[in-house]
Amino acid sequence: MENSAPRSARVVIVGGGVIGCSVAYHLTKLGIREVLLLERKTLTCGTTWHAAGLVPTLRATYNMSMLAKYSADLYETLEAETGQATGFVRNGSLSIATHQERFTELKRGASMAKLCGFPCEVVDAERIRELWPLLNVEDVVGGVYLPRDGIVNPVDVTQALAKGARKSGARILENVRVLDVKVRNGKACGVVTDRGDVDAEYVVNCAGMWARHLARRSGVNLPLHAAEHYYVVTEPMPALPELLPTLRDLDSYNYFKTDAGKLLIGTFEPNAKPWGHEGIPETFSFDQLPPDLSHLEPYLEAAMRRVPALRDTGLKLIFNGPESFTPDDRYHLGEAPEVGNYFVAAGFNSIGIQSAGGAGMALAKWIANGHAPLELWDVDIRRNMRFQGTSRYLYDRTQEGLGLLYAMHWPFRQFETARNARQSILHERLTRANACFGEVAGWERANFFAPEGAEPKYEYSWGKQNWFPWSGAEHRAVREAVGVFDQSSFVKILVQGRDAMSVLNRICNNNIDVAIGRVVYTQWLNERGGIEADLTVTRLDTDSYMVVTGPTTQTRDLHWLKRNTPAEARVAITDVTSSLAVISVMGPQARALLESLTNDDLSHEQFPFATSREIEIGYALVRASRITYVGELGWELYVPTEFAPDVFDRVVEAGKGFGLRLCGYHALNSLRIEKGYRHFGHDVTDHDTSLEAGLGFCCDFNKVGGFIGREAVLRQKELGVLRRMVLFRFTNPAATSYHEEPIYRNGVIVGRTTSGMYGHTVGGNVAMGYVGRDQAVTEEWISEGSYEIEVAGVRYETRASLRPLYDPGMQKIKC
């Protein structure tokens with residue numbers, strides 16, 4: 001290795017694990033030669049060296065699966081390219097289920113494998129025993145076999161990536177400690193090391209367990225925390241076949257991998273032990289942690305039940321090493337919103353080996369091209385909230401996070417740790433009303449209300465869960481009478497100043513140069529026409545606007561807004577989320593209810609749809625915005641936080657005469673999906689255009705100054721779209737669809753679902769999803785097809801529609 005540090009490079013990568021070396025390798029493949037990788041000790045010495053080396057390909061979503069497939073394909077060719085052996089073998093993987101709900105989960109994954117083009121076999125106990133002869137299958141109900149999954153030697157594959165990077169011009173220096181990242185004018189411009197400063201155009205933080213602490217020095221929020229992670233290696237087992245598929249006994253939290261005549265058994269236990277809370281020792285290098293046998297014992301006993309031969313086999317190694325985990329078990333990738341040109345690839349939740357190839361490729365293209373090469377919102381660093389980087393929050397959540405990798409991935413499953421971080425001012429009132437809360441971006445939000453005498457808790461299932469009838473009653477109340485939602489988690493951003501209109505109108509694809517008191521539904525597009533945000537903008541005054549968006553995109557949307565506001569613009573941007581509660585009153589009786597509480601005229605003539613103005617309710621001046629996300633007459637009431645409890649009490653009391661019902665977010669979801677309202681992160685992302693998403697009506701191509709992405713959308717309009725968002729109603733009311741399910745047209749897969757929920761008004765499950773082909777997708781092509789959606793291996797007949805399934809003419813809203 002080289003010893004002298006250069007004074008400059010185009011890209012400096014901090015961290016020499018498999019992730020950092022993959023980023024370096026892929027940058028050089030793109031022709032970026034001036035790459036410098038700095039490792040504090042020795043390559044792989046942090047967590048890479050002790051990884052189990054599993055390379056599965058099927059992940060929770062299509063895009064994550066394709067990145068994992070890229071990793072496997074890359075590792076298969078690296079030795080031929082670099083001359084460095086990697087130990088990669090496609091031994092396959094076998095996941096087993098000991099109950100029907102787990103088997104349903106595995107079969108849902110098998111259906112998604114068809115989207116990805118992965119060979120995948122749903123297997124019974126007999127076939128499982130053929131694939132894994134030493135297995136006790138008495139309690140096994142089925143499983144899934146993926147023959148193209150693999151294993152690799154983590155150290156060797158890292159060295160191969162490093163060798164490939166060096167051959168293409170990258171420099172890799174070991175024993176160089178990065179002390180800080182230099183920032184100038186809001187952008188990273190180099191690093192400070194114990195051998196001197198290095199100037200750079202880009203800095204990439206791939207520092208693993210140390211990444212969070214390094215990021216904090218530059219004001220970058222990078223939530224991750226180390227946890228102890230265990231595996232054992234047996235003595236040689238003569239009866240063990242030389243190579244078996246990697247076995248996952250998910251219900252026992254164990255995995256099994258053959259290892260040169262021995263068996264490696266690892267665990268993802270639900271009661272994980274956080275480590276390094278006071279900081280990771282600077283001297284840490286190829287280190288192990290003291291094993292806790294009492295902690296490991298229940299999982300070893302489960303392993304012996306699954307593989308009885310283990311009862312007569314000794315243990316050669318009991319290993320305990322740290323791994324980094326994030327609050328949502330998804331890794332962090334992308335450009336930090338706080339500092340420009342500061343990129344991150346860290347927090348890989350013990351799946352770093354399988355992710356490294358794809359993540360390195362994606363980040364390298366992100367740096368080279370200025371945007372991600374595919375939709376990556378699942379792992380985008382901008383999904384994080386500032387509070388999630390606090391030490392206590394990370395410690396508490398990490399205890400749960402490790403085990404969730406093998407826990408049941410139920411629909412609507414809620415985290416149990418690190419809760420109650422953010423509460424609406426109405427929280428206690430909702431609690432007294434028997435609300436069951438879910439957590440989104442730290443907010444505690446009422447997902448449903450249990451009836452009197454019933455416990456407000458989830459009973460999870462892949463079918464209709466215990467709250468289904470209760471949420472259905474809330475849904476019907478909104479359709480037939482009136483419902484009230486606490487939507488205080490809405491993000492509210494004030495944009496004020498002499499240039500507020502011109503700046504916002506350039507960012508918004510719709511025209512926001514409207515009369516004071518008008519609400520505009522709009523998207524923010526990128527230069528490629530992709531949707532960066534989906535939100536509303538209300539004109540409060542000549543030079544004052546309020547942007548309202550969802551809680552999960554708070555960091556992202558603020559970043560996009562500030563990034564696209566010229567430095568010389570006379571604009572002030574202020575996040576006022578915490579200062580305003582939001583009480584939504586929705587349903588055909590909404591007007592009558594509110595008229596009983598105010599002297600203001602709420603008639604359609606005087607208060608038409610998309611109008612916002614202050615009204616009086618009780619002692620409060622309330623901003624009432626006539627807008628809806630449920631497809632009914634209604635108002636969102638923006639109330640100063642200190643006045644909100646009184647306003648809420650008055651609304652609820654008056655609502656008794658109008659059939660009012662408190663409603664949760666599950667009802668909101670079922671209501672919005674019947675109307676085909678899009679949800680950012682599921683139905684629309686930065687790789688979906690307005691035309692593809694069916695939102696072209698928001699594009700004002702003729703407004704003065706245009707908008708970001710206008711030319712790209714016009715080009716697509718001229719050429720025709722190759723994919724379109726479609727709504728599907730299942731004809732079988734028992735079907736349950738959620739997302740990532742294959743969509744068939746005339747027996748051929750043409751797309752996948754993005755979201756799904758039961759529509760209580762239309763009487764069946766409703767799914768949204770994109771369908772496409774290699775030529776223009778027309779209304780005729782869509783209407784002429786016969787459609788099915790596959791859920792857990794079963795194809796269900798559906799009816800396709802480009803129009804909302806409920807009130808397509810909007811008569812309910814505009815009355």
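**Close-up views: nonpolar cores and a pocket**

**View 1. Largest nonpolar core.** Ile13, Tyr75 and Leu376 touch the most other members among the 52 residues of the largest nonpolar core. Such a core joins buried Ala, Val, Leu, Ile, Met, Phe, Trp, Tyr and Cys residues through side-chain atoms within 4.5 Å, where buried means under 20% relative accessible area (1.4 Å probe, protein chains only). Elements giving two or more residues to this core include β1 (8–14), α1 (18–29), α2 (62–82) and α8 (352–369); helices (H or I, at least four residues) and strands (E, at least two) are DSSP runs. The largest share, nine residues, comes from α8. The model is predicted, with local features requiring pLDDT of at least 70 and side-chain atom pairs pLDDT 80 or more, whereas totals for chains, interfaces and linings use all residues. Residues are numbered from 1 along each chain, and side-chain values use heavy atoms, without hydrogens and water.

**View 2. Surroundings of Ile13.** Leaving out residues up to four places away in sequence, Ile13 touches Gly20, Val23, Ala24, Leu27, Val35, Leu36, Leu37, Leu38, Val204 and Cys206 (contact: heavy atoms within 4.5 Å).

**View 3. Second largest pocket.** Ala52, Val152, Asn153, Lys257 and Asp259 lie nearest the centre of the second largest pocket, which 20 residues line. A pocket is an open set of points on a 1 Å grid where a 1.4 Å probe fits, with protein on both sides within 12 Å along at least five of seven lines; lining residues have an atom within 4 Å of a point. α5 (154–167), β12 (225–234) and β14 (254–259) each give two or more lining residues, and β14 gives the largest share, three residues.

Key
Buried < 20%, exposed > 50% of the residue type's maximum accessible area, 1.4 Å probe, protein only.
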